[in-house]
Amino acid sequence: MNTNIDEEIFEYLSSHLTSKRLEHSYNVANLAVSLAEKNGINPLKAWLAGLLHDCAKSMTDKELIKFFKNRKKNFKYFKEISVNSPHLLHSFAGEIITFEYFKIKEESVLKAIKNHTLGRENMSILERLIFVSDSISHDRKWKHAGTLREMAKKDLNKAFFEVLIQKITYVICNNGWLCHQAIDTWNWYVSNVKKN
Ligand SMILES: [Fe+2]
Ligand SMILES: [Fe+2]
C-alpha cells in the first residue's frame, strides 16, 4: 500500500465531503482501530475502511446512478435500490472509488466499505466492525449510540446484532423501504451466527 495514502485520503475527503462528514469519517476510523485488535483485525485495514467508507457520500442520487451506468456496473439489488433509495448506492460507489482512485486492492477493505450500510450474508469480522463503527462513532447522537459503544468494546457481535435491529426498526417505524439485502443480512445472522 502507498505510504502517502493517509495524506492522499485526507486531501480527497476534505475536498469532497462536508466538514461534518469528514469528522464522521475520522471518528469511524478511530473507533474501528480501537476495536480492531481485540477482534483480531489488522488495524491498518480497519483504519482505511473506516476512513473511506463514506468517500462517495456527497454524490447526489442522480450522480450515483450515473456513476454506475457510466461504468456499466450492476449488482444484485442495483435496480431496486436505484428506484427506492438511491442514496444507499454511496457505499457501493465508495468501494469503486477506493479501488479506482486510491488503488487499494485489499478485498477485505473493499467489502467493508461496500457493505457498511446494508450488510450482506456471510459478513467478515472487518465488515461487521465497520458496520457497527459507522452507527456508533462519537459524532452519532442517537439514543442508544453511547450504550452500544460500550457494548462494542466488550462484544462486537452483540453490538452488531443490536445495531442491525436498530437500523431495521428505524426503517420500518418510519414507513421506509427496506432493501432485500438488509433482510438477507438479518436472516443470515439469525440463522447462522446468533444461534451458534
Ligand atoms: Fe455511509
Ligand atoms: Fe458513515
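Reader: Which residues of helix 10 meet helix 11?
Author: Asn157, Phe161, Leu164 and Ile168 in helix 10 meet Ala182, Thr185, Trp186, Tyr189, Val193 and Lys194 in helix 11. To meet here is to have C-beta atoms, placed from the backbone, within 7 Å. Helices are DSSP runs of H or I with at least four residues, numbered from the N terminus. This is a predicted model, where local features need pLDDT of at least 70, side-chain atom pairs count only at pLDDT 80 or more, and totals for chains, interfaces and linings use all residues. Residues are numbered from 1 along each chain as its sequence is written, with chains lettered from A and ligands numbered from 1 in the order in which they are written.

Reader: OK, and at what angle do the axes of helix 10 and helix 11 cross?
Author: Roughly 145°, with the axes coming within 11 Å. Axes are lines fitted to C-alpha atoms, for helices over the stretch in contact, and angles run from 0 to 180 degrees between N-to-C directions.

Reader: What about helix 9, which of its residues meet helix 10?
Author: Leu148, Met151 and Ala152 do, and their partners in helix 10 are Leu156, Lys158, Ala159, Glu162 and Val163.

Reader: Switching to helix 8, how many of its residues are buried?
Author: 11 of the 12, so helix 8 is largely enclosed by the rest of the structure. Buried means 20 or more other C-beta atoms within 10 Å of a residue's own, with C-beta atoms placed from the backbone. Among them are Leu126, Arg128 and Asp134.

Reader: Which helices do they pack against?
Author: Helix 2 (19-36), helix 3 (43-52), helix 7 (107-114), helix 9 (145-154) and helix 10 (156-173).

Note on methods. Helices (H or I, at least four residues) and strands (E, at least two) are DSSP runs, numbered from the N terminus. Two residues are in contact if their C-beta atoms, placed from the backbone, lie within 7 Å.
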